[in-house]
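I opened this model to look up a few local features and wrote down what I found. The entries follow in the order in which I made them.

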Amino acid sequence: MKVATNASTKILPTLCRMCETRCAINVHLKDDVIVNITPFKNHPVNRGRMCPRGIAAIDLFYHPERILKPLKKMPDGRFQEISREQAIDEIADQLQSIKAGHGARCVGVWKGEGAGFYQQEDYARRFVHAFGSPNYFSNDSACYNGRYLGHSLVTGFWNPFPDFSVADLILLFGTNPPICHPPFMREFADAKEKGAKLVVIDPRLNPVACYADVFAQPYPGTDGALCWGLIRHLIETKNYDTQLVEQYVVGFEKIAAYAQRFTPEYVEKQSGIYAGVVEEIGQLIIKNRPRISFFAGAGLEHHENGVNNIRALAILGCLAGTLGLKSGLFWPEEMGGRKLTLYDQISLESEGPIGADKFPALYDLRKECHSMTAMDYMLGKGAYPLKAMVVTAANPAVTNPNTTKVIEALSALDLLVVNDFFLTPTAKLAHYVLPAATFLERSEIHYFPNKQIVNLTAKIQHIPGVENEYRLWHDLAHRLGFGEKYFPWNSEADVNRWILEPTDITLEELARHPEGLVYKPIRYQKFKNQLVPTPSGKLEFASSYLKNLGLSEIPEYIPPYHIRCAKENYPFVLTTGARKSLFYHSRHQNIPRFRTIHPEAFVEMHPDDAAQLNIQHNEMVRVSSEIGTLDIRVCIRHRSELRKGVIEIYHGWEQWPVNLLTYDALNDPISGFPLLKGVPVRIDKIDASTSAEHQPDAACTT
Amino acid sequence: MKIIYVEQDRCLACRNCERVCSFQRAGGFRQENTNIWVHIDLDARSIFTMTCLQCESAICMEVCPATALQRNPETKAVTVNEHQCVGCKMCIAACPFGCLHFENLRQVAVKCDLCDGDPACVKTCMAGALHYADINELAQRKRRKIDLKLSKHPFFLQGLFPK
Ligand code: SF4
């Protein structure tokens, strides 16, 4: 492909965005070609190391299947290449006429993980708001928001990453950091070198559990019971931060009363974790407080009881005295730059943001609409019709629950525009597909809130005809008549300058510091001099905000659906979303060398379950839930990896979409999160001959 | 001399090292093509990672009838000269650690050559378990670690004869 470069032979530092970790990297160019990517030495996030996914940014950039020209779907259903001008013109015309005919709110924007967060997210939010619609959707509907809400409802903020390296005890809930947050590994090892203990709680035994001092394997969705058991243990033995509770907490009595029922025996009954192990973990907390890192992964939020489980964990963190500490619930500050979002200037709350009626906390706290409810609006079952959607680097036809419904809904739109690198299953449904730019083709500001560091990425390449997100929103806005007002900047550099203006950091200075700049000195334990940003200004163990919404005031533990509504004909519990080491959700599965490690999908099973059903390793089976069915091969795991009765399928496969089985309408009442990890299913044998011709892969690696 | 050494108690078994090793040699991944390997024993819940230690008197080098195994003058790595290798596989039989393997495509023995002094596995070890350094640095690291742990021990905190 023809490529224009900023420098022909050079090494350019920037940040990797093959996953959200954003390690600092050096991109090596030779005669305009990216020949190598190596770790940048001096960044505090990755400290001179990087993972194989990052190196594969070359494979992504030069991928032969990349879309390089805008595509328009013709009446016969085939795509035809058109010019970018024509594409932008036609899309803008159609958006305008939908706005004129039905109102601006009938148009939505959906920003995916492939685009990134921070600035990319803010561009999308700004565009849709300036257009007049409150309907901003994102991948956060099924990742991140649940944890954000769970913590914010208690402490008023959330800093996703404690500094594990200075902890005396680390407790991980439902997460597999070697794969999803590789730099955590160094911090764990640093902490363990100093004698710290590691506790891993996960329904699935990942290798990190071999590194742990204690590993506990709960039934999916029962973490809340364990958290409450630990809260009880701390209160009963009077080993909690009494000063904090006296001065900074509301609702302590309520949670103390509620915690009483969570005896170790009761926790064992709920979660399957032995009572003795619950007490052992409790003792570890007592012995090591306050320097404890509690960390919840996405494993906790993909349930219909997720937010309350996470609230209970946040309360546990407060009781253990971890609030405001480097190793604990540290409250980061923002840089103080200008905001691209328009919520302060234009309120569109009265326009009926989709899902805000059902999940008010989601819109109140995250200004995010509910992507599962959006499907109903697309299908004409909402308060008003959702007619058009502009999707950037999101793949809901694979990653949103209830795939059949998602495809039906997206197909019902009058206008679906997808901006992506590849012709994904979502892009295939679009009326227009625009070629998206990778992270190597844009310059943007990144934040690392836990370290209060700001970074600028370098635009390394530009492929003529392939424009980045900023240009997409800029060009559409100008064509729609609000560009002058809301997207006046000609270049990304101008935007970045405008963002930085109120701060004392200049763009030039930032560009000179690929290792990042600390934008504000870090202050610990701020809650002692400053009210926490909750409605009451205190730590809300009981939330009157939620009570007024008719939701549970304290984070009551509700047993998960598969236990509460156990069904005889769906005897297995399916969890989805355990990570594959080289994929990132639905991304990277078309990188050929990665497929030598993850060649195809499989359902992971306990050997006893397989034996009972007379199923062989690699045999094709049919997995069915109340929602749908999926045919998939079996991988029989080591007997300690999964509990009997629990099965696991990866969530990102385009060819084997496990979301055919997951519920879109069994939602957490606070976050609206779908039930993805705890789906009752049945496994049936299919005709045995289907398995015979398949050459078994050796390892079914995770 | 610099070698790749593993700080076993820092390895979390992400397997990145195996992957990049295989990728850079073969494009794709095959467990048997990696020159570094992570052994995860789920019964014992243990992790063990191993690669070639570039022995001072390397038995693979000694047994090679074709003198295909040679020491790189700069990196001091024991490397296979593929033009000279006759594919007899003696080195594979001789190495007590299993650090050589046979490349079926090219019909030659293959081993870790320290990537000419810039080992890819080390750059990808985000846990900081792999190091490319003098082996005595490992001894130093171990000493520092044990000091850290023991200095916190009551025995040392209170002196030899606590009151
Ligand atoms: S962990 Fe890997 S993919 Fe993620 S940012 Fe770092 S190098 Fe890139």
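Entry 1, a helix in chain A. I listed the buried residues of helix 20 of chain A and got A:Glu469, A:Tyr470, A:Leu472, A:Trp473, A:His474, A:Asp475, A:Leu476, A:Ala477 and A:Leu480. Buried here means under 20% relative accessible area, exposed over 50%, and partly exposed in between, with a 1.4 Å probe and protein chains only. Nine of the twelve residues of helix 20 of chain A are buried, so the helix is largely enclosed by the rest of the structure. Helices are DSSP runs of H or I with at least four residues, strands are runs of E with at least two, and both are numbered from the N terminus. Helix 20 (residues 469-480) of chain A reaches 16 Å from its first C-alpha to its last, close to the expected 16 Å; the expected span is 1.5 Å times one less than the number of residues.

The model is predicted: local features need pLDDT of at least 70 and side-chain atom pairs pLDDT 80 or more, while totals for chains, interfaces and linings use all residues. Residues are numbered from 1 along each chain as its sequence is written, chains are lettered from A and ligands numbered from 1 in the order in which they are written, and side-chain values use heavy atoms, without hydrogens and water.

I paired rings of Phe, Tyr and Trp (its six-membered ring) with centres within 6.5 Å, calling planes under 30 degrees apart stacked, over 60 edge-to-face and the rest tilted. This rule gives 38 aromatic pairs over all chains. A:Phe164 and A:Phe295 have ring centres 5.8 Å apart and planes at 75 degrees, so I logged the pair as edge-to-face. A:Phe164 is in the loop between helix 5 (145-155) and strand 9 (169-173) of chain A, and A:Phe295 is in strand 13 (residues 292-296) of chain A, 131 residues apart. A:Phe164 is buried at 0% relative accessibility, and A:Phe295 is buried at 2%.

I then took A:Phe262 and A:Tyr557, whose ring centres are 6.1 Å apart with planes at 80 degrees, so this pair is edge-to-face. A:Phe262 lies between helix 11 (252-259) and helix 12 (264-271) of chain A, and A:Tyr557 between helix 24 (544-548) and helix 25 (561-564) of chain A, so the pair ties together parts 295 residues apart in sequence. Both A:Phe262 and A:Tyr557 are buried.

Which residues do ring pairs link into a cluster? I found A:Phe127, A:Phe131, A:Trp473, A:Phe482 and A:Tyr486. A:Lys99 lies over the face of A:Phe131, 4.6 Å from the ring centre. The criterion is NZ of Lys or CZ of Arg within 6 Å of the ring centre and within 35 degrees of the ring normal. The charged end of A:Lys192 sits over the ring of A:Tyr211, 4.6 Å from its centre.

I counted six helices and eight strands in chain B. Of its 163 residues, 47% count as buried. The C-alpha atoms of chain B fill a box of roughly 70 × 30 × 30 Å along the principal axes. In helix 6 of chain B I looked up B:Phe156, which is partly exposed, with a relative accessible area of 49%.
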